[in-house]
Amino acid sequence: MINQIILGLSTGAMYSLVAIGLVMMYKVSGVMNFAYGNMGMFITYIIWWLSSSMGVNLYLSIILGIMFAAIMGVSVERYGLRPIRHLSHGSMLIVTFGILMILEGLAVEIWGTEYKSFPELISGTPFVFKGDFGIVVLRKQDLLVFTTLIVISIAIAIFTKFTKFGIAIRAVSENEEVAGYMGINVGSVLGFSWAFGVSMAALVGVIAAPKVFVSPTMLTFYQIQGFTAAVLGGFETFTGAVFGGLILGVLEKIVGNYISEGFKASISLVIIILVLVFFPSGLFGRKIRRRA
Amino acid sequence: MNRDIKDITIKGLNVWYGPVHAVKGIDLKIPAGSITTILGANGAGKSSTLKAIAGGLNYTGTIMVGEESINDLPVYKRVRNGIVLCPEGRGIFYQMTVKENLLAGAYTTKNTNLDLIFDIFPFIKDRLNQIAGTLSGGEQQMLAIARALMASPKYLMLDEPSLGLAPIIIQKIVDVIKKINESLKITVILVEQNTSVALSIAHYGYVFENGKVALSGKASELAGNPIIQEKYLGGVRK
């Protein structure tokens with residue numbers, strides 16, 4: 001049971017990372033990025049291509065890939081979304097759908113549909129703990145995911161709470177127009193949120209790649225689960241995204257184990273519906289009493 | 001405090017919202033160091049004029065600070081040049097703390113010293129960690145003004161600060177506006193529907209009607225103008 005929970009938490013931590021990126025983009029720019037998973041997929045392909053075909057060091061490839069992800073995020077926001085910002089929310093959603101299909105088509109065209117293997121960033125024998133509680137196995141890969149999630153969560157908490165730009169991000173997410181009148185360059189905050197979001201997608205791609213292999217649809221499932229995690233958390237807070245992901249991961253594992261593997265994917269869709277009906281602002285949605 | 005405050009001059013300002021012509025070729029002069037009020041009914045173009053000065057919407061015409069046009073500057077650069085708008089309906093960041101609101105206001109400056117704010121708004125000192133959305137209406141309005149002050153404005157535009165507040169609170173805000181103008185030497189542009197309050201503290205006034213300037217002059221003269229008395233002061237001379 002403990003092992004199941006650890007495995008669930010490990011998968012869940014991945015969903016949390018996906019959700020953090022989605023929430024950052026949604027909170028600031030108000031757009032749900034449907035192309036998120038495919039952006040991460042495309043960058044992972046580039047990293048794979050750099051390291052396996054071009055002979056670039058794997059870690060350098062990852063750094064270059066994430067830099068490229070940031071540039072991709074800024075460009076999509078600046079040239080794909082901002083020109084139609086004044087039109088409607090729906091039109092921006094459609095742009096992200098378009099990007100989703102373009103990237104998938106490009107990936108198939110350039111690299112084909114064949115699965116490519118991607119090296120483990122960390123490998124080795126798992127840690128095994130024995131005791132009254134039974135045997136607990138902790139894989140090194142799990143450790144990597146947990147560490148990444150913890151580092152990123154703490155970094156975001158400090159960044160949004162204590163830095164000027166972090167406060168600007170929250171100001172823009174709450175009231176874009178007024179934030180502008182405070183002298184905050186709204187455009188650069190929007191750009192940043194997308195640079196951060198797409199970088200998260202790339203990071204998720206790199207961590208997931210050894211397990212799911214590099215393919216045009218490698219992150220589709222993660223995108224759906226990350227979206228569910230974000231909905232669970234209310235889509236507004238990073239804390240919600242983190243815990244939403246972890247809860248979903250464990251839930252999925254338990255359902256897969258005790259009911260049926262086949263329900264693993266559908267459970268997230270059921271959760272989305274239940275949460276939206278019964279807890280529209282998420283399980284952790286906070287209602288701030290607002291006067292006058 | 002030696003800060004070069006200049007006149008703001010506006011020539012032929014036009015603002016359109018789609019097919020709606022909200023501001024129709026307005027000329028304004030805001031003398032340096034003054035409190036200048038813009039009066040008028042709903043939809044007269046007052047707020048649109050302020051937003052145009054702040055750079056928050058598209059307009060035609062020329063807005064000059066001193067002899068220089070600021071037409072090409074985006075909002076945030078205008079704020080850096082000391083042109084700060086405190087928008088209508090307060091627009092504080094409801095989910096952030098009072099302190100975070102103030103820091104957001106100080107975004108363009110290195111100023112994180114809150115002593116000046118405590119001096120003008122003593123109540124803020126004890127409320128720094130309160131979530132701003134839980135303040136009362138009057139406190140929210142004062143926080144909005146305090147936040148705008150954090151940007152070190154030379155020209156402060158206040159859009160209906162008395163909206164929806166009790167007379168006793170309005171009096172407090174009036175005192176604050178006077179203090180800001182007199183001791184901080186900040187030019188204040190005050191948009192108001194509360195005509196008697198506005199004319200009591202302003203040096204100059206403009207009356208807008210349907211996107212045009214209907215009347216203008218010294219505040220004391222406007223207060224004595226029979227048309228103003230009839231239309232905006234309910235026919236009663238205070």
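Visitor: What do the buried residues of helix 4 of chain A pack against?
Guide: This is a predicted model. In it, the buried residues of helix 4 of chain A pack against helix 2 (36-52) and helix 3 (58-81) of chain A.

Visitor: Which residues of helix 4 of chain A are buried?
Guide: They are Met92(A), Thr96(A), Ile99(A), Leu100(A), Leu103(A) and Ala107(A).

Visitor: Now the core. Which residues touch the most other members of the largest nonpolar core?
Guide: Val204(A) and Met157(B) do, in a core of 158 residues. Helix 8 (residues 186-212) of chain A supplies the largest share of this core, 17 residues.

Visitor: What does Val204(A) touch, leaving out residues up to four places away in sequence?
Guide: Val204(A) touches Met14(A), Leu17(A), Val18(A), Gly40(A), Leu219(A) and Tyr222(A).

Visitor: Changing topic: in what order do the six strands of the open sheet in chain B stand?
Guide: The order is 6-7-8-3-9-10, and the pairing is mixed. Strand 6 (83-86) and strand 10 (212-218) of chain B each have a single partner strand, so one side of each has no neighbour in the sheet. From one strand to the next, the twist averages 15°.

Visitor: In which sense do strand 7 and strand 8 of chain B pair?
Guide: Strand 7 (residues 155-159) and strand 8 (residues 187-192) of chain B pair in the parallel sense, over five bridges. Within this pair, Asp159(B) stands opposite Val191(B) in strand 8 of chain B.

Visitor: Which strands does helix 5 of chain B touch as it packs on the sheet?
Guide: Helix 5 (residues 137-149) of chain B touches strand 6 and strand 7 of chain B. The direction of helix 5 makes about 165° with that of strand 6 of chain B.

Visitor: What about the sheet of four strands in chain B: what is its order?
Guide: That open sheet has the order 2-1-4-5, with antiparallel pairing. Its edge strands are strand 2 and strand 5 (68-69) of chain B. Eight bridges join strand 1 (residues 8-17) to strand 2 of chain B, and Trp16(B) stands opposite His21(B) in strand 2 of chain B.

Visitor: Is Ile26(B) buried or exposed?
Guide: Ile26(B) counts as buried, because it has 22 C-beta neighbours inside 10 Å and 20 or more are required. Ile26(B) lies in strand 2 (residues 20-30) of chain B. Among the residues that Ile26(B) touches are Ile10(B), Leu13(B) and Val213(B). The C-alpha atoms of Ile26(B) and Leu13(B) are separated by 4.9 Å, although these residues are 13 residues apart along the chain.

Visitor: Finally, how many residues does each chain give to the contact?
Guide: Chain A gives 20 residues and chain B gives 27 residues. On the side of chain A that touches chain B, the largest share, six residues, comes from helix 6 of chain A. The residues of that side divide into nine nonpolar, four polar and seven charged.

Conventions
Residues are numbered from 1 along each chain as its sequence is written. Chains are lettered from A and ligands numbered from 1 in the order in which they are written. This is a predicted model: local features need pLDDT of at least 70, side-chain atom pairs count only at pLDDT 80 or more; totals for chains, interfaces and linings use all residues. Helices (H or I, at least four residues) and strands (E, at least two) are DSSP runs, numbered from the N terminus. A residue is buried if 20 or more other C-beta atoms lie within 10 Å of its own, exposed if 12 or fewer, and partly exposed in between; C-beta atoms are placed from the backbone. Two residues are in contact if their C-beta atoms, placed from the backbone, lie within 7 Å. Two strands pair if DSSP finds at least two bridges between them. A nonpolar core is a set of buried Ala, Val, Leu, Ile, Met, Phe, Trp, Tyr and Cys residues joined through C-beta atoms within 7 Å. Axes are lines fitted to C-alpha atoms, for helices over the stretch in contact, and angles run from 0 to 180 degrees between N-to-C directions. Ala, Val, Leu, Ile, Met, Phe, Trp, Tyr, Cys and Pro count as nonpolar, Asp, Glu, Lys and Arg as charged, and the others, Gly among them, as polar.
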